[in-house]
Amino acid sequence: VNAYVADLGKRMAAESERPDLPWEFHVVDDAAVNAFAIPGGFIYVTRGLMSSINSEAELAGVIGHEIAHVTHRHSVQQISKAQLAQLGLGIGSILSSDIAKFGQLAGAGLGLLFLKYGRDAENQADQSGFRYALGQNYDVRTMPNVFVTLGRLSEASGAGKLPEWMSTHPDPGNRIQHIEKMLDTVNLDQRKLIVDREDYLRRIQGMTFGEDPRQGYFEGNTFYHPQMRFQMQFPSDWKTQNMPQAVVGVSPNQDAIMQLGLAGQTPPEQAARQFLSQQGVQAGNASTASINGLPAASSYFQAQTEQGVIEGIVSFVSYGGQTFGLMGYTPTGKLSSYDRVFQQTIGSFSQLRDQSKINVSPARVELVKVPRQMTLQQFNSQYPSTAPVEQIAIINSLEGPDAVIPAGHTMKRVVGGRPAGSS
């Protein structure tokens, strides 16, 4: 899939205003429905986006739009305005290890990637992306389909990762109107236009759909990581999230954070020394007591951040050839309220032995060529999915359960994954 996306992107970028950039195109193993660009010619689309659209022409419209953000230097302008503020987020200003850089469940580093452009920049990117796609003979009449799908997914999700597109891009409805106006200005030779639905769908056959539990998942407030074989219990009333950089829990009052992440292969005592030697960090009482039989080094600490002084506990634990960093922190003066919670959470880190938790598998996209005309409801009865029928409608660009599917039409369904109702 990476090679397929890179080939398409490089063909389009070669005809852009900046063909000599070292363009790179990648598919991100993330359930979020999104696409983004980084200055210098680095374009990313998520598997969540790819499993939600339905043709190469639609993909070309998305990639063309992101290429345009680079050719018009939108990201550079945004970063120059946002850089200092973003890099000062929360613990990120003091944490030099790979644990994470967080404030309010947002990665400071990611803040520079997922930038929200102004309306003028988005319209400019839509116009250029339209032109790049049309230059490769893609049927640009499919571009509104992408925005319809994104809008429906965001509306249906209500929570979770899907609205990320909405947080970084303007309202899809406005963009549909903008593209329809552009369509009125061009004469399209329909005989030459490329949609390439069937080949595109073959590319995503078997693709992981939704969150991949092998990368870690929550059941209630217990976090399980099947591949790394560990588990950890977060406080029951805390809001939790599994992110690429770390696993995070935030207290109900949003005045305390627990986070867990990789800290490389440095032995725990050395990792603790490195953390505590950072500028602005003061060490408190330290310990080398093991955690559930695993080598560990822990210390209370106080640290100066852009938002003020924080205090907490940090522990580095050696397990499975890796060192994990576990940290709980809160604004100065509140540690006594959270000390026991931090200790209990850190102390819950342990080996995962339950095979039922280890042997989870993700849901996947499966293609079905419909043998006869039927409604989506009939299709779902004959070829059931582990995702709701409403979601199946959206990812197949169908209006709803009563939509009629013609004979011979290729449909996406979702199979496998964790049982329905699992968090």
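A crossing of two helices is right-handed if the near helix is turned clockwise from the far one by less than a right angle. The model is a predicted one.

**Entry 1: α1 against α3**

I started with helix α1, residues 2–14, and helix α3, residues 56–71. Their axes come within 10 Å of each other. I read the crossing angle as roughly 55 degrees. That angle makes α1 oblique to α3. The crossing of the pair is right-handed.

Next I listed who touches whom. From α1, the contact takes Tyr4, Val5, Leu8, Gly9, Arg11, Met12 and Ala13. From α3, it takes Glu56, Leu59, Ala60, Ile63, Gly64 and Ile67. I sorted the residues of this contact by class and got 9 nonpolar, 2 polar and 2 charged.

**Entry 2: α3 against α6**

I then turned to helix α6, residues 119–135. The axes of α3 and α6 come within 7 Å. They cross at roughly 120 degrees. Why is α3 oblique to α6? Angles of 65 to 115 degrees count as roughly perpendicular and those over 145 as roughly antiparallel, and the crossing at roughly 120 degrees makes the pair oblique. α3 passes α6 in a right-handed crossing.

On the α3 side I noted Ala60, Gly64, His65, Ile67, Ala68, His69 and Thr71. They meet Ala121, Glu122, Ala125, Asp126, Ser128, Gly129, Tyr132 and Ala133 of α6. By class, this contact divides into 7 nonpolar, 6 polar and 2 charged residues.

I cross-checked the two lists for α3. Ala60, Gly64 and Ile67 are in the contact with α1, and Ala60, Gly64 and Ile67 also meet α6.

**Entry 3: cavities**

How many cavities of 30 Å³ or more does the structure hold? I found 2.

I asked which helix gives the most to the lining of the largest cavity. α3 does, with 4 residues. α3 and α7 (143–157) each supply at least two. The lining has 5 nonpolar, 2 polar and 3 charged residues.

I marked His65 in particular.

Methods:
Residues are numbered from 1 along each chain as its sequence is written. This is a predicted model: local features need pLDDT of at least 70, side-chain atom pairs count only at pLDDT 80 or more; totals for chains, interfaces and linings use all residues. Side-chain values use heavy atoms; hydrogens and water are left out. Axes are lines fitted to C-alpha atoms, for helices over the stretch in contact, and angles run from 0 to 180 degrees between N-to-C directions. Angles under 35 degrees count as roughly parallel, over 145 as roughly antiparallel, 65 to 115 as roughly perpendicular and the rest as oblique. Contact means heavy atoms within 4.5 Å. Ala, Val, Leu, Ile, Met, Phe, Trp, Tyr, Cys and Pro count as nonpolar, Asp, Glu, Lys and Arg as charged, and the others, Gly among them, as polar. On a 1 Å grid over the protein atoms alone, a cavity is a set of points where a 1.4 Å probe fits but cannot get out, and a pocket is an open set with protein on both sides within 12 Å along at least five of seven lines; lining residues have an atom within 4 Å of a point. Grid points are joined across faces, edges and corners, and a volume is the space filled by probe spheres set on the points.
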